[in-house]
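Here's a quick briefing to read alongside the structure. Have the viewer open and follow along by topic.

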Amino acid sequence: MESLLYLVLAGLMTGAIYALVAIGFTLLWQTSQTINFAQGEFAMLPAFFMLVALNLKLPLWLAILLGVGVSILLLGLAFKRLLVDPMLRHGVLPLAIATMALAIFLKESVKEFYSAEAQRFPSLFPEQKVDVGGAMISIQSIGVFLVAIAAVVALQLFLSRTRTGRSMQAVAQNPTVARILGVPVERMILLTFAINAALVALASALVTPIYLAKFSNGEVLGMAAFVAAIVGGFNQIRGAIAGGFLLGIVDNIAAAYVSTQYRAAIPLLILIVVIMVRPQGLLGRAEERTV
Amino acid sequence: MTLQRLAVPGAILAGIIALALAPYGLKNYGISILGLWAVTTIAAIGLNLTLGYAGQVSLAQGAFVGIGAYATAILMAKGVPFGATLLLSGLLCFAIGWLLGYPALRVQHHYLAFVTLAFATLAFLVFRNEQWLTGGIYGISGIRRPVILGWNTAPERAYFHFCLIMLVLVSGFVWWIVRSPWGRAFLALRENPVRAASLGVDTRRYTLMAFAIGAGIGGVAGALYAPLVTYIDPVPFALSFSLNLLLMVIVGGGGYFFGPFVGAMIAVLLPEWLRFAQGLYLVAYAAAVMVLLVFWPSGIMGILDRLLRPADPNQGAAR
């Protein structure tokens, strides 16, 4: 049995990844009422873009950069223009259902056109382990954690300190007023889709060396993002961050202390309890009910 | 006019007769696929009631089919007659659906999608892990087909006919519900819940009802599924089955009575005819669903509806 300290540290690493995926999920919901059921697949796919680049003998850093770029184009802009824009006028639920079809499409495409087998993926960080207060943690985990945190902090600074970032927040809070005040609402929404794509691509590059690249990776990551976003608070970015870390830690502790078989059940039970008891999430604001 | 009025019942009768005769031209494998279509259609009809008529998104219909299938398999192994297990499977899923519907009352409707998503995943974990009850990954084998009122349904053709009869009965039941005051309340719920509430529709009760009846029908489909395949394991009841059922309803046309029939046909029968395409079929299917949703969100029945009756004065809400 590993020490509790180790489990918490490992949980922070997993949690940072979950937070990255959950933040984008929350952003899309806030700015354009998109419940992206393909978010997990969005975090699975960029690793395969990067693998294609690696197969062309490009260096890893360039492959990751290209992967992020292609993701922004396909999972950001194309997703917005080709699926979200035409679907949004039909309502929130038809759009959500369309993203479910998109999830199947992406998963089956990777399985069919790349491989059904798990693929090795090179890591940015060395494999050695270091001693952190008695727990042996791999440098890889620490690196993943630090990069993810840096991305989250950068995003927060962007949203709160820059003019564009504040315009995005305005769009998220009240698009009508934002439009009256001269905020280019459409461009801001497009930007959130690009940011979401960049975040999931980063998460993909960080997590795939550990999980291996497989078409079904999105199932786990997607579920984690949903739970993190809802538990933390669907309408708050900091909710998604808190939810991500909470889920990462709970996930690791549950695997060690509850049972490996029911490890996946714990986050789901938390989800159901939160929805029943505090539907706006731990940090969220209450939304108006439809009925 | 009378001819027109007879057209729809006539077409339905012709369809039933054609389906009843279909097995005589098919080998056993083809008949079992037709049986699978009938059972899947029943599950989709249940979901259509929840999703298409009452507008509540459920991602757990596959899990209800699983619960019904396991309940029937386990009870039949204990010697309970099939008629009773069929009823119990339906009632069990109705009760679970009722309980699961509660969160839907508290929050905005998209949360129900997540609650049911979580439930479907949890149900799968229970099917896989509770070996003492469900046989775990090895599943339950040797499920016998029942003898119903002296009619032995063991042969492939007989069991298909039994599934077909059940499909007709379930369809009739749903046809009746949709036209009853309940069905109208479901539609009111979907179209404008606030107005429905203001007109005195008890939205809480009808939301639960729509969800629970849909789940119960899913349980009945599961009870029919177990003897159809004679062996059940957790794999077919994974979350992807629930997603597929949802897509079937949408593709066929949510809220259209015949939508689930068409949707299940595309999802169950078409892949069999297009076997050569294999994995590509799913890629093409998912892509086609997205295109369909973008251009014709009312599904295939919606397209047919517009083509067949451009100006029907009686075009009410109940379709």
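Which residues in helix 2 of chain B meet helix 10 of chain B? On the helix 2 side they are Ser32(B), Gly35(B), Leu36(B), Val39(B), Ile42(B), Ala43(B), Gly46(B), Leu49(B) and Thr50(B). Keep in mind that this is a predicted model.

**Helix 2 against helix 10 (chain B)**

- Over on helix 10 of chain B, the partners are Ala210(B), Phe211(B), Ile213(B), Gly214(B), Ile217(B), Ala221(B), Leu224(B), Tyr225(B) and Leu228(B).
- The axes of helix 2 and helix 10 (residues 203-229) of chain B sit 6 Å apart, at an angle of about 170°.
- With that angle, helix 2 of chain B counts as roughly antiparallel to helix 10 of chain B.
- Sorted by class, this contact has 13 nonpolar and five polar residues, with no charged ones.

**Helix 2 against helix 11 (chain B)**

- Helix 2 (residues 28-53) of chain B also packs with helix 11 (residues 239-252) of chain B: their axes come within 9 Å and cross at roughly 75°.
- Helix 2 of chain B brings Thr40(B), Ala43(B), Ala44(B), Leu47(B), Asn48(B) and Leu51(B), while helix 11 of chain B answers with Leu245(B), Leu246(B), Met248(B), Val249(B) and Ile250(B).

- Val201(B) lies in the loop between helix 9 (193-198) and helix 10 of chain B.
- Leaving out residues up to four places away in sequence, Val201(B) touches Ala185(B), Ala196(B) and Tyr206(B).
- Val201(B) and Ala185(B) are 16 residues apart along the chain, and their C-alpha atoms are separated by 6.6 Å.

**Where chain A meets chain B**

- The contact draws 44 residues from chain A and 43 residues from chain B.
- About 4,000 Å² is buried between chain A and chain B, and carbon and sulfur atoms give 78% of that area.
- Zero salt bridges are found across this interface, and two residue pairs are in polar contact, both at pLDDT 80 or more.
- On the chain A side, the elements giving two or more residues are helix 1 (4-32), helix 3 (60-88), helix 4 (92-113), helix 9 (217-232) and helix 11 (265-277).
- Helix 4 of chain A supplies the largest share of that side, 13 residues.
- By class, the chain A side divides into 34 nonpolar, four polar and six charged residues.

How values were computed:
Residues are numbered from 1 along each chain as its sequence is written. Chains are lettered from A and ligands numbered from 1 in the order in which they are written. This is a predicted model: local features need pLDDT of at least 70, side-chain atom pairs count only at pLDDT 80 or more; totals for chains, interfaces and linings use all residues. Side-chain values use heavy atoms; hydrogens and water are left out. Contact means heavy atoms within 4.5 Å. Buried area is the accessible area (1.4 Å probe) that two parts lose on being put together, summed over both. A salt bridge is a side-chain nitrogen of Lys or Arg within 4 Å of a carboxyl oxygen of Asp or Glu. A polar contact is a pair of N or O atoms within 3.5 Å; within protein, one must be able to donate a hydrogen and the other to accept it, and residues adjacent in sequence count only if both atoms are side-chain atoms. Helices (H or I, at least four residues) and strands (E, at least two) are DSSP runs, numbered from the N terminus. Ala, Val, Leu, Ile, Met, Phe, Trp, Tyr, Cys and Pro count as nonpolar, Asp, Glu, Lys and Arg as charged, and the others, Gly among them, as polar. Axes are lines fitted to C-alpha atoms, for helices over the stretch in contact, and angles run from 0 to 180 degrees between N-to-C directions. Angles under 35 degrees count as roughly parallel, over 145 as roughly antiparallel, 65 to 115 as roughly perpendicular and the rest as oblique.
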